[in-house]
Every structure is written in C-alpha cells, then in structure tokens.
Amino acid sequence: SFRSAEVVWRNVVQLDGGEIVSATGTHLGHNLPDEIGDRYCINLCSIAGFPALSSSPPAHSLPSSPPLQPPSASQSPPPKLSPPPKLSPQASPSPPPPHSPAL
C-alpha cells in the first residue's frame with residue numbers, strides 16, 4: 001500500500017467510492033483509509049517496475065528467461081480438451097444426529 005505523499009497524481013485518479021484508476025481509466029486498486037490516513041492499496045498486477053539505475057543487478061535478481069518465440073509451422077496444435085463430465089443429481093445428505101448434552 002502507499003500513502004498520499006507517495007502517489008504520483010498526474011498518473012492516477014481517485015473516483016467516488018475510493019477506486020483508484022490510471023489516467024487512462026485502468027483499474028488499479030482502492031483507497032482504504034486507516035487510523036493514520038489515506039492508504040492506497042494497489043493491485044500488484046497493476047504495478048510496472050523500472051530497471052535499476054545501477055548497472056549491477058540486485059543480489060536477489062532472478063535469472064532472465066529466453067525471449068518467447070512464436071510457434072513454428074511444423075509444431076502441432078495443442079490437443080483439444082474434452083468437456084467435463086456431467087454430474088448426476090445426488091440426494092441431500094442426511095442431517096447430523098441431534099446433540100446430546102454432556103452429563
């Protein structure tokens with residue numbers, strides 16, 4: 001979550017009801033105020049990172065993945081999935097036995 005001082009307001013808009021959207025209207029998250037003040041809870045999938053300014057990678061960086069390549073014409077298409085089986089209706093489970101108080 002973020003506080004008001006960390007928000008770049010030229011990039012986001014707060015709608016009535018607390019929804020936060022990008023300047024282009026993409027849903028980002030919500031403002032959920034707490035006892036300290038406004039708390040902007042932004043969905044993690046809405047956050048884009050920027051490369052570090054340093055040329056050395058951070059100690060916790062993951063190895064880079066090879067770039068994705070489009071499938072070649074010689075590759076066969078993925079198999080078609082069959083629909084799930086139809087479930088037959090079942091009788092309702094019987095109610096649990098009545099509770100007897102401890103003596």
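Of the 103 residues in the chain, 11% are buried (under 20% relative accessible area, with exposed meaning over 50% and partly exposed in between; 1.4 Å probe, protein chains only). The structure is a predicted model, in which local features need pLDDT of at least 70 and side-chain atom pairs count only at pLDDT 80 or more, while totals for chains, interfaces and linings use all residues. Residues are numbered from 1 along each chain as its sequence is written, and side-chain values use heavy atoms, with hydrogens and water left out.

The chain contains 4 strands and 0 helices (DSSP runs numbered from the N terminus: E, at least two residues, for strands; H or I, at least four, for helices). Its pattern along the sequence is β-β-β-β. The accessible surface (Shrake-Rupley method, 1.4 Å probe; for residues, only the protein chains shown count as cover) is about 9,800 Å², and carbon and sulfur atoms account for 63% of this.

In the whole structure, 1 salt bridge was found (a side-chain nitrogen of Lys or Arg within 4 Å of a carboxyl oxygen of Asp or Glu). Arg 3 pairs with Asp 34, with 2.9 Å between the closest N and O atoms.

Leu 44, in the segment after strand S4 (40-42), counts as exposed because its relative accessibility is 70%.
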